[in-house]
Structure formats: C-alpha cells, structure tokens
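Let us go through this model by question and answer. Each reply ends on the value or name asked for.

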Amino acid sequence: MSNADDRFAPPERLVRTLGSGPADGAVRRWLASLPEQVSEFAERWELTPERVHRPGGRGSIVVLARRADGTGAVLKLEAPDEATALEHAALAHWNGLGAVRVLQAEPGAGALLLERLRADVTLRSLAEAKAVLEATATLQRLWVRPADDHPFTSVADHTLLLAGAMREQRGEPWAADARAVVDEALELRDALTADTGTEEPASLLHGRYQQGKVLAGERAPWLAVGPRPLVGERAYDLAWLARDRVDTLMASPGAAAIARRRVAKLADALDVDRDRLRGWTLFRTAEAGMRELASGARARGELLLEFAGML
C-alpha cells in the first residue's frame with residue numbers, strides 16, 4: 001500500500017505548465033507519482049514534510065520540510081534529467097557562496113534537499129533601486145571560475161541551439177512583425193560568440209538570473225536559487241537581469257531611454273562592456289519573446305520583442 005499523502009500533490013501551475021505540451025505518458029506518470037516520491041524521500045532523508053510551496057515553479061515541486069534535528073529544509077523534486085545534475089553541480093561548486101546550499105542530493109532521481117530560505121520573499125519585494133543593488137552584489141559572488149572538469153555547456157554552444165530555433169521560427173506567419181528584431185539578435189549573437197572582445201576568463205554563470213530567483217535567507221540576506229548553469233562571459237548572465245520587471249518598465253514614459261540607461265548602469269556597476277551587455281540583452285530578450293509567441297502567449301511575446309527593439 002502506498003504511503004502517499006495527497007497533501008503533496010503537484011501544484012496547479014506545475015501541472016498546467018507540463019501539461020501544455022503534447023500528451024506525454026511519462027510526464028503524467030511522474031506528476032501522479034509526486035505524493036509517493038515526497039513520502040519516500042521524507043523517509044530516506046528523515047524529513048517531516050510540512051506543505052507544498054505554491055504556486056511553485058513550472059518544472060519542479062518544492063516541499064517545505066523539517067529535518068530530524070528540527071531545522072528547516074526544502075525538498076525539490078523534478079523529472080529526472082540532466083538539468084538536476086547540472087543544478088546540483090553548480091550549487092555544490094558555489095557551496096553556499098551567494099546561492100542556496102545543498103544538504104543532500106540524488107540527482108539521478110531528480111531530488112535535491114536544500115537549506116530553507118524565505119520562499120515568499122524575493123528581491124521583487126524591494127523597491128527597484130534597492131533590488132538592483134542587492135541583485136548585482138549577489139551575482140558577483142556567483143561569478144567564479146568553474147572546475148577544470150566541469151560538466152557545463154558553454155554560452156556559445158547553448159546559444160547556437162537557441163539561434164537555430166529562432167531561424168526556424170522567423171519564417172512562420174505569426175513572426176512576420178518580429179523578423180527585423182530577430183535578424184538583429186541573430187547577427188549580434190554570431191558576432192558576440194565569434195569574438196569575445198575580452199580577456200575575461202570564462203565564469204560559472206547562473207543562466208537564469210533575475211530578481212525572482214534571489215530569496216531572503218538566514219545565514220545571508222539574499223541567496224540565489226534555481227540555476228540553469230552555463231560557462232562563459234559575464235555579460236550573458238547579466239542580460240537576464242537587464243530585462244527584469246519589463247512589464248513595469250514598458251508602461252513607463254520614456255521606456256526606451258530607461259531601458260538603455262539600465263543596460264549602461266548595470267554594465268558599469270559590474271565592469272562589463274556596455275555594447276556586449278546590450279547585444280546579449282537584445283538576443284536573450286528576443287529569443288524569449290519568440291518562445292512566448294510560439295507557445296501562444298502573444299501579449300507576453302510582443303512585449304519582450306518590443307523591449308528588445310528599443311535597445
């Protein structure tokens with residue numbers, strides 16, 4: 001008989017996100033197995049599960065728990081694939097410097113036990129100026145040299161795949177209005193990867209760094225979570241932060257000037273080349289916009305592409 005507890009069923013957002021693609025029996029079975037998995041890992045790691053964090057992520061379930069000694073922890077479960085192993089490798093390399101600390105892990109099973117942070121308090125809870133200051137300070141701590149035998153993909157190789165998808169998408173009828181921005185983004189990506197333009201050594205990058213990925217902690221005021229790590233130049237990592245709070249920015253008078261000033265200020269604050277940051281910001285934003293359009297999220301996609309066009 002299963003020891004599964006239905007209180008630990010997957011959140012609606014996780015089910016909706018993973019269920020938005022083609023029917024996949026393996027995904028459905030994984031979602032259905034989550035209550036049982038929570039029970040199994042709770043027993044294996046001597047945890048007392050408390051509740052599922054909601055709305056939670058779009059690719060994993062996060063369960064707040066207590067360890068045998070009473071300290072708080074977070075059980076994170078995602079469908080087993082390479083992403084969990086890479087996240088674990090990055091977090092282990094940082095070892096708590098600027099990022100959440102790993103307590104136990106079974107990457108092959110898609111399971112990480114992490115230190116408990118204040119899951120409901122991110123940098124988005126701060127005023128923008130303060131949030132940017134804290135975000136840049138935390139990001140600097142993450143930019144360390146990767147191990148010589150690291151398993152991470154390079155920015156050049158990762159963006160080559162993204163660029164290929166964009167080239168296919170630009171020919172679709174729904175992409176007609178985006179083609180000028182997409183073409184510029186692709187040209188910039190090719191130029192940026194052909195000539196690094198800097199003697200800067202490759203750094204371990206978070207990959208999806210934004211204010212919502214930085215949570216309040218106990219041993220440090222702010223710690224990053226949820227990396228999709230890569231290795232490469234720092235401007236690539238900073239580009240995701242440059243488009244943060246894009247909804248608010250785009251609703252402001254003089255949005256284009258504000259966007260360009262933001263890129264300049266972030267580049268200067270972290271000693272990154274302005275032109276390279278602009279290029280990566282435009283590419284990453286345009287790529288995200290095309291993905292949104294392709295998924296049917298037209299309003300979001302058009303907003304991102306409009307932002308990219310302002311740069």
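Predicted model: local features only at pLDDT ≥ 70, side-chain atom pairs only at ≥ 80, totals over all residues.

Q: Which residues line the largest cavity?
A: A cavity is a set of points, on a 1 Å grid over the protein atoms alone, where a 1.4 Å probe fits but cannot get out; lining residues have an atom within 4 Å of a point. The lining is Glu-128, Val-132, Gln-211, Leu-241, Asp-244, Arg-262 and Leu-266.

Q: What is the volume of the largest cavity?
A: Its lining divides into three nonpolar, one polar and three charged residues. Here Ala, Val, Leu, Ile, Met, Phe, Trp, Tyr, Cys and Pro count as nonpolar, Asp, Glu, Lys and Arg as charged, and the others, Gly among them, as polar. A volume is the space filled by probe spheres set on the grid points, which are joined across faces, edges and corners. For the largest cavity that is about 40 Å³.

Q: Which helix gives the most to the lining of the second largest pocket?
A: A pocket is an open set of points with protein on both sides within 12 Å along at least five of seven lines. The second largest pocket has a volume of about 270 Å³. Helices (H or I, at least four residues) are DSSP runs, numbered from the N terminus. With six residues, the top contributor is helix 9.

Q: How far apart are the end C-alpha atoms of helix 10?
A: The expected span of a helix is 1.5 Å times one less than its number of residues. Helix 10 (residues 274-295) has 22 residues, so the span should be 32 Å. The model agrees: the end C-alpha atoms are apart by 32 Å.

Q: Which residue caps the N-terminal end of helix 10?
A: Look for a side-chain oxygen 3.0 Å from the backbone nitrogen of Asp-275. The N-terminal cap is Asp-273.

Conventions: Residues numbered from 1 in each chain as written. Heavy atoms only, no water. Helix = DSSP H or I, 4+ residues; strand = E, 2+ residues; numbered from the N terminus. Polar contact = N/O pair within 3.5 Å; in protein donor to acceptor, adjacent residues only side chain to side chain.
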